[in-house]
Amino acid sequence: EKVIDADSGRPLAAADVAAVAPGVNLRTTAAGDGSFRLELPDPPPARLEVRASHSGYQDITLALEDPASVDLVTLEMQPLFAGEVQVTGLRAEAGET
């Protein structure tokens, strides 16, 4: 399982990942290579929601109908800001505060 940037394909380290179902509430943080592991109970729930979030990205939720049959989950997150950011400032003249 991995969390990656949808545009670049780069891993998203420190993404928060959760698996939620009736009786299941698991949470973890993605490693430096974007990988994460959630230990599901045995037997796993019939339905499961996997949620991922990362600063600067839109949260994503993936609904899995049969989590037992899933070997790999890749969560592709979209950046919140796709465009350019312009920063401006003013400089005080000597003697001004």
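**View 1. Arg47 and Glu65 pair up in a salt bridge.** In this predicted model, the closest N and O atoms of Arg47 and Glu65 are 3.1 Å apart. To count as a salt bridge, a side-chain nitrogen of Lys or Arg has to be within 4 Å of a carboxyl oxygen of Asp or Glu. Arg47 sits in the loop between β3 (24-29) and β4 (48-53), and Glu65 in the loop between β5 (60-64) and β6 (74-77), so the pair ties together parts that are 18 residues apart in sequence. Strands here are DSSP runs of E, at least two residues long, numbered from the N terminus. Both Arg47 and Glu65 are exposed; that label takes over 50% relative accessible area, while buried is under 20% and partly exposed is in between (1.4 Å probe, protein chains only).

**View 2. Arg37 holds on to Glu39.** Their side chains make a salt bridge at 2.8 Å, N to O. Glu39 is exposed, and Arg37 is too.

**View 3. Glu49 and Arg51 form another salt bridge.** Again the N to O figure is 2.8 Å. Arg51 has 36% relative accessibility, so it counts as partly exposed. Glu49 comes in at 30%, so it also counts as partly exposed. The structure holds 3 salt bridges.

**View 4. Asp5 is buried and has no salt bridge.** Asp5 belongs to strand β1 (residues 2-5). The nearest side chain of opposite charge is Arg10, 7.0 Å away; for charge, Lys and Arg count as positive and Asp and Glu as negative, with His and the chain ends not counted. What the Asp5 side chain does reach is the backbone nitrogen of Asp7, at 2.7 Å. Leaving aside neighbours within four places in sequence, Asp5 is in contact (heavy atoms within 4.5 Å) with Arg10, Leu12, Tyr57, Met77 and Pro79.

**View 5. β1 runs parallel to β6.** The two strands are joined by 4 bridges; DSSP must find at least two for strands to pair. Asp5 stands opposite Met77 in β6. On β6, Leu75 and Met77 make up the covered face, and Thr74 and Glu76 the uncovered one. In a regular strand, side chains alternate between the two faces of the sheet.

**Notes for every view.** Numbering starts from 1 along each chain as its sequence is written, and side-chain values use heavy atoms, with hydrogens and water left out. Local features need pLDDT of at least 70 and side-chain atom pairs count only at pLDDT 80 or more, whereas totals for chains, interfaces and linings use all residues.

Conventions
A polar contact is a pair of N or O atoms within 3.5 Å; within protein, one must be able to donate a hydrogen and the other to accept it, and residues adjacent in sequence count only if both atoms are side-chain atoms.
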